[in-house]
Amino acid sequence: MSVAAAAPRLAGKVAVVTGGARGIGLGCARSLCKEGAKVVLADVDLAVAQRSAGELAAAGHAAAAVKCDVRIKADCEAAVKAAVTQWGKLDIMVANAGIVKAAPFLDMSEQDFDDVVAVNLKGVFLTCQAAARQMVAQKAADPAWGGGAIVTMSSVNAVMAIPSIAGYNASKGGVNGLMRCMSLALAPHGIRVNGVGPGSIATDVLASVATDEAARNRILSRTPLGRIGEPDEIGEVVAFLASDSSSYMTGQVLYVDGGRLALN
Ligand code: NDP
């Protein structure tokens, strides 16, 4: 008996992924592309974003790159415009860009705290507002448009405190609050908003906080699945939240953490 291959869940959809040049953002872009979406990689480092988009294109996907610093409103609007100019619309925004700065709480500088909140929290506000305005306009122009999906990148640290990353913890808690607020504001417009909260994933962010073998072993000992996750394992969940497979979900965070939060 032959089994028909499932149709790609995001065929015809257009997505923007902030911080999409590498790490988890690139993992998200790969998963969205695999499901048939056309993807704009919006990143502060245009050269790396262009290289990553080129690799996706070489694998047969539709991918483009745009320079976007999520702290800057005009850049966020330009990222949305890049998708609309290239492919006529925007269906999916993945607000992924984020940074971490670590220091003991008593030593953390005001500047470091501000920097982290500016990218991780205000950046999510600016990108999601730009995306939502475009989506609301699309719905008004074409009531048959299938609706939008926004996915915000949270973290287990939204709910699990680490004293050396106070700004990061605060920003990710804020992202969850913002996500829930947007889910209420945008539901009447046919836009769903959900979050993904990764545990420890193999990227440069993790390398910057787990700098030695002992730190990595500490992470592993607190991860029931016994390994660090891969960016594509976050991408797969983002693709689910971006697709109609999650059509009755909004205002939720899915933690993808190898069981880390179950320990708490
Ligand atoms: P990476 O540093 O690997 O990738 C982040 C990407 O975002 C980089 O390309 C970076 O560019 C870009 N970026 C940084 N600042 C900005 C900005 N202002 N505007 C646009 N792009 C920017 O990080 P991860 O992939 O690990 O992290 C992605 C998200 O996942 C973040 O929100 C992070 O908090 C979250 N997360 C990660 C976890 C992990 O274990 N890795 C765990 C939980 C959450 P450049 O390098 O040039 O600065």
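**Briefing: sheet, helices and ligand shell**

Val-196 stands opposite Leu-254, a residue of strand β7. The structure is a predicted model. Its seven strands form an open sheet with parallel pairing, and 29 residues surround the ligand.

**The sheet**

- The strand order is β3-β2-β1-β4-β5-β6-β7.
- Because β3 (63-67) and β7 (253-256) each have a single partner strand, they stand at the edges, and one side of each has no neighbour in the sheet.
- From one strand to the next, the twist averages 20 degrees.
- Strand β6 (residues 191-198) runs parallel to β7, and four bridges join the two.
- In general, the strands of a sheet pair through backbone hydrogen bonds, and the pairing is either parallel or antiparallel.

**The helices**

- Helix α1 lies across β1 (14-18), β2 (38-43), β3, β4 (92-95), β5 (148-153) and β6.
- The direction of α1 is at about 170 degrees to that of β1.
- Helix α4 has 32 residues, which at 1.5 Å a residue should span 46 Å; the C-alpha atoms at its ends are 45 Å apart, so the two values agree.
- At Ala-118, α4 bends by about 35 degrees.
- An α-helix has 3.6 residues a turn, so residues three or four places apart point the same way.

**Around the ligand**

- Of the 29 residues around the ligand, those that come nearest are Gly-19, Gly-23, Gly-98, Thr-203 and Val-205.
- Sorted by class, the shell has 13 nonpolar, 10 polar and six charged residues.

Note on methods
Residues are numbered from 1 along each chain as its sequence is written. This is a predicted model: local features need pLDDT of at least 70, side-chain atom pairs count only at pLDDT 80 or more; totals for chains, interfaces and linings use all residues. A residue is near a molecule or strand if its C-beta atom, placed from the backbone, lies within 6 Å of it. Ala, Val, Leu, Ile, Met, Phe, Trp, Tyr, Cys and Pro count as nonpolar, Asp, Glu, Lys and Arg as charged, and the others, Gly among them, as polar. Two strands pair if DSSP finds at least two bridges between them. Axes are lines fitted to C-alpha atoms, for helices over the stretch in contact, and angles run from 0 to 180 degrees between N-to-C directions. Two residues are in contact if their C-beta atoms, placed from the backbone, lie within 7 Å. The expected span of a helix is 1.5 Å times one less than its number of residues. The bend at a residue is the angle between axes fitted to the seven residues ending there and the seven starting there.
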